[in-house]
Amino acid sequence: MRIFISADMEGVTGVVHRDQLMPEGKTYERARKMMTADVNAAITGALRVAPDSEFVVCDGHGVMRNLILEELHEAAQLVIGPAHPSNKPLCQSQGCDETFELAFFTGYHSRAGTPNGLLSHTWVGSAITNIRINGEIVGETALNAAVVGHWDIPVGLVSGASELGPEAEAGIPAGFVWVPTKTTYGFTAALCMPPAKTHKLLAEGAAEAVKRYKEGKLKPHKPKLPVTISVEFHRREMAAKAIETPGIERVDERTIAATADNTVDAATRAWKAVCRAQDEEPAWLK
Ligand SMILES: [Zn+2]
């Protein structure tokens with residue numbers, strides 16, 4: 001079977017601080033190794049149940065050149081490169097299409113505004129207060145679940161820091177396997193399990209996810225259509241720039257929205273608007 005993996009970094013084993021998240025950080029090289037190893041653990045587990053599986057992994061964090069290709073499991077191919085709308089219109093779900101049967105979200109984090117959430121944000125922390133799908137506040141888990149759900153692909157595995165579990169359970173259809181990699185203390189601290197432990201949990205979780213998929217226990221996340229994805233920015237200037245994007249409407253001073261017949265179109269347009277809203281092209285988009 002074909003499994004799509006969207007890999008973020010904040011929820012990876014041992015990652016708790018911004019210093020680990022960007023190439024300038026002193027501890028970044030270690031963190032990207034752990035990110036790659038978390039993804040490999042999930043792949044290894046899935047292969048135990050479905051040995052002929054193929055994987056496409058989308059590097060879904062920051063500069064989107066974090067995962068180490070030469071250390072990636074040979075059953076996978078990797079989407080590398082910044083999420084400029086001309087490159088990766090689907091952002092963290094780039095590479096997904098109707099040929100996949102199942103999705104995993106590894107290293108994910110809680111949404112913007114989560115009280116005491118570890119490195120919490122939605123899409124762009126410096127710009128976005130909230131994202132809503134059909135009026136409901138969502139994080140990246142529900143957002144990307146809705147994107148892959150467009151092709152009727154269910155999410156089978158979600159991994160991240162402890163507080164993401166309840167967010168995911170409330171935001172996407174039940175049945176997926178939740179794998180906590182650490183217990184959150186606050187925005188930049190957590191009680192962390194070592195890779196020797198989290199890799200076991202990730203592999204067991206991925207194997208269980210494939211089993212549940214085969215038993216028909218997983219459902220895709222399909223918001224009601226037509227779907228509206230709205231983005232509430234921190235500053236009204238950002239909304240003013242974002243509405244220059246075709247197909248985007250202004251909802252209020254700080255909020256814009258994309259309404260479409262399907263989630264892929266709405267998400268693509270919303271992401272384009274978010275990139276347009278940046279004062280100047282940020283380093284992670286170049
Ligand atoms: Zn990230």
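The following questions and answers concern a predicted model of a single chain.

Biologist: How many helices and strands does the chain have?
Modeller: The model is predicted. Its chain has 286 residues. The secondary structure comes to six helices and 12 strands.

Biologist: What radius of gyration does the chain have, and what would a compact globule have?
Modeller: The C-alpha trace spans about 50 × 40 × 35 Å along its principal axes. A compact globule with 286 residues would have a radius of gyration near 19 Å, and the value for the chain agrees with that: 17 Å.

Biologist: Among contacts between residues at least 6 apart in sequence, what percentage join residues at least 24 apart?
Modeller: Buried residues make up 52% of the chain. Of the contacts between residues at least 6 apart, the share that joins residues at least 24 apart is 67%.

Biologist: Is helix H2 enclosed or open, and how many of its residues are buried?
Modeller: H2 covers residues 140–149. The buried residues include Glu140, Thr141 and Asn144, as well as Leu143 and Val147. H2 is largely enclosed by the rest of the structure, because the buried count is 10 of the 10 residues.

Biologist: Which orientation do H2 and H6 have relative to each other?
Modeller: Two packed helices are described by the angle between their axes and the distance between the axes. The axes of H2 and H6, the latter covering residues 263–276, come within 8 Å and cross at roughly 135 degrees. Angles over 145 degrees would count as roughly antiparallel. The two helices are therefore oblique.

Biologist: What is the handedness of the crossing of H2 with H6, and which residues make the contact?
Modeller: H2 passes H6 in a left-handed crossing. On the H2 side the contact is made by Leu143, Ala146, Val147 and Gly149, and on the H6 side by Thr263, Val264 and Ala267. By class these divide into five nonpolar, two polar and no charged.

Biologist: Which orientation do H1 and H4 have, and what is the handedness of their crossing?
Modeller: The axes of H1 (residues 28–49) and H4 (residues 195–214) come within 7 Å and cross at roughly 40 degrees. An angle under 35 degrees would count as roughly parallel. H1 and H4 are therefore oblique, and their crossing is right-handed.

Biologist: How many nonpolar, polar and charged residues are in the contact of H1 with H4?
Modeller: The H1 side includes Met34, Ala37, Asp38 and Arg48, and these and others meet H4 residues, among them His199, Leu202, Glu204 and Lys211. The contact divides into 12 nonpolar, five polar and four charged residues.

Biologist: Which residues does histidine 199 touch, not counting those up to four places away in sequence?
Modeller: Histidine 199 lies in helix H4. Histidine 199 counts as buried, because it has 21 C-beta neighbours inside 10 Å and the cut-off is 20 or more. Beyond the excluded positions, histidine 199 touches Ala37 and Ala41.

Biologist: Are methionine 64 and aspartate 152 buried or exposed?
Modeller: Most residues other than glycine have a negative phi. Phi is positive at methionine 64, about 60 degrees, and at aspartate 152, near 65 degrees. Methionine 64 lies in the loop between strand S2 (54–59) and strand S3 (76–79), whereas aspartate 152 lies in the loop between H2 and strand S7 (155–161). With 24 other C-beta atoms within 10 Å methionine 64 is buried, and with 12 aspartate 152 is exposed.

Notes:
Residues are numbered from 1 along each chain as its sequence is written. This is a predicted model: local features need pLDDT of at least 70, side-chain atom pairs count only at pLDDT 80 or more; totals for chains, interfaces and linings use all residues. Axes are lines fitted to C-alpha atoms, for helices over the stretch in contact, and angles run from 0 to 180 degrees between N-to-C directions. Helices (H or I, at least four residues) and strands (E, at least two) are DSSP runs, numbered from the N terminus. Angles under 35 degrees count as roughly parallel, over 145 as roughly antiparallel, 65 to 115 as roughly perpendicular and the rest as oblique. A crossing is left-handed if the near helix is turned anticlockwise from the far one by less than a right angle, and right-handed if clockwise. Two residues are in contact if their C-beta atoms, placed from the backbone, lie within 7 Å. Ala, Val, Leu, Ile, Met, Phe, Trp, Tyr, Cys and Pro count as nonpolar, Asp, Glu, Lys and Arg as charged, and the others, Gly among them, as polar. The radius of gyration is taken over C-alpha atoms; the globule rule is 2.2 Å times the number of residues to the power 0.38.
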